[in-house]
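Here's a friendly walk through one protein chain. Have a look at the sequence and the fold below, and then we'll go through the pieces together.

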Amino acid sequence: MALRSVLNRLPAPLRKRAYGLTAGGQAYKARVNKARGLVTASKPISPLQTKLAVGAGVITVGCVAGQTFFGSEEHFYDHRFVTEADPNALAEFYGNEDFMEIFCVFPFMVDFMMRSGYFDDNGHVHTFGLPPIISNMVVSMQFDEREQEDESGEANTVCFNKKERFKCTDALFGN
């Protein structure tokens, strides 16, 4: 009480400033600022949280930059090989449904991705994309074969090429 009586004797601008320096004045200022919405959480941010936030930001910016520069290629994977195997057997294997079961790796993926799809008039397969509820994947396959006649006049396959394109579109962003 003694401090308050001393403060009350000071002129008004000085009294307000002096009262703000006391513990009661600081508590009053904190309550007023909180009521105005000027003060948020009073817990300080730890250095670990700061490092995690900066790391997450760097990873996010890196992913966005990588997608911007490398994510719009039309043909991003191309694997070719030359073999002495029978071209007809290769064409049958790569064009068969058994290859797609091997390609899907897990049995539940075969049921989920391949068995739930349907073909359209152009020969494209429409199936679930990722995430499965809101997206659609269109799989198009193109088979090219080159045949040559041998000495007996029979046409033999000498080159087989299979091109697949997986395009996933979602309902939220439309891409």
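A contact here means heavy atoms within 4.5 Å. With that in hand, 31% of the contacts in the chain with a separation of 6 or more come from residues 24 or more positions apart.

Some ground rules. This is a predicted model, where local features need pLDDT of at least 70, side-chain atom pairs count only at pLDDT 80 or more, and totals for chains, interfaces and linings use all residues. Residues are numbered from 1 along each chain as its sequence is written, and side-chain values use heavy atoms, with hydrogens and water left out.

**The overall picture**

How many helices and strands does the chain have? The secondary structure comes to seven helices and four strands. Helices (H or I, at least four residues) and strands (E, at least two) are DSSP runs, numbered from the N terminus. Reading from the N terminus, the order is α-α-α-α-α-α-α-β-β-β-β.

Of the 175 residues, 13% count as buried. Buried stands for under 20% relative accessible area, exposed for over 50%, and partly exposed for in between (1.4 Å probe, protein chains only). The chain exposes about 14,700 Å², and carbon and sulfur atoms supply 60% of that area. Accessible areas come from the Shrake-Rupley method with a 1.4 Å probe; for residues, only the protein chains shown count as cover.

Take a look at α4, which covers residues 47-70. This helix has 24 residues and reaches 34 Å from its first C-alpha to its last, close to the 34 Å expected at 1.5 Å a residue. The expected span is 1.5 Å times one less than the number of residues.

The four strands make an open sheet in the order β1-β2-β3-β4, with antiparallel pairing. The edge strands are β1 (118-119) and β4, each pairing on one side only. Helix α5 (residues 87-94) packs on the sheet and touches β3 and β4, and its direction makes about 20° with that of β4. Axes are lines fitted to C-alpha atoms, for helices over the stretch in contact, and angles run from 0 to 180 degrees between N-to-C directions.

Two strands pair if DSSP finds at least two bridges between them. Here is how the pairs compare:

| Strand pair | Bridges | A residue and its opposite |
|---|---|---|
| β1 and β2 | two | Phe-119 and Val-125 |
| β2 and β3 | four | His-126 and Val-138 |
| β3 and β4 | 15 | Gln-142 and Lys-163 |

Val-125 also has a bridge partner in β3, namely Val-139. His-126 in β2 likewise stands opposite Tyr-118.

Now for the turns. β1 and β2 form a hairpin with five residues between them, and Gly-123 in that turn has a positive phi of about 85°. β3 and β4 form a hairpin with five residues between them too, where Gly-153 has a positive phi of about 90°.

**The cysteines**

How many disulfides does the structure hold? The number is zero, a disulfide being a pair of cysteine sulfur atoms within 2.5 Å. Cys-63 is exposed, at a relative accessible area of 52%, while Cys-168 is partly exposed, at 34%.
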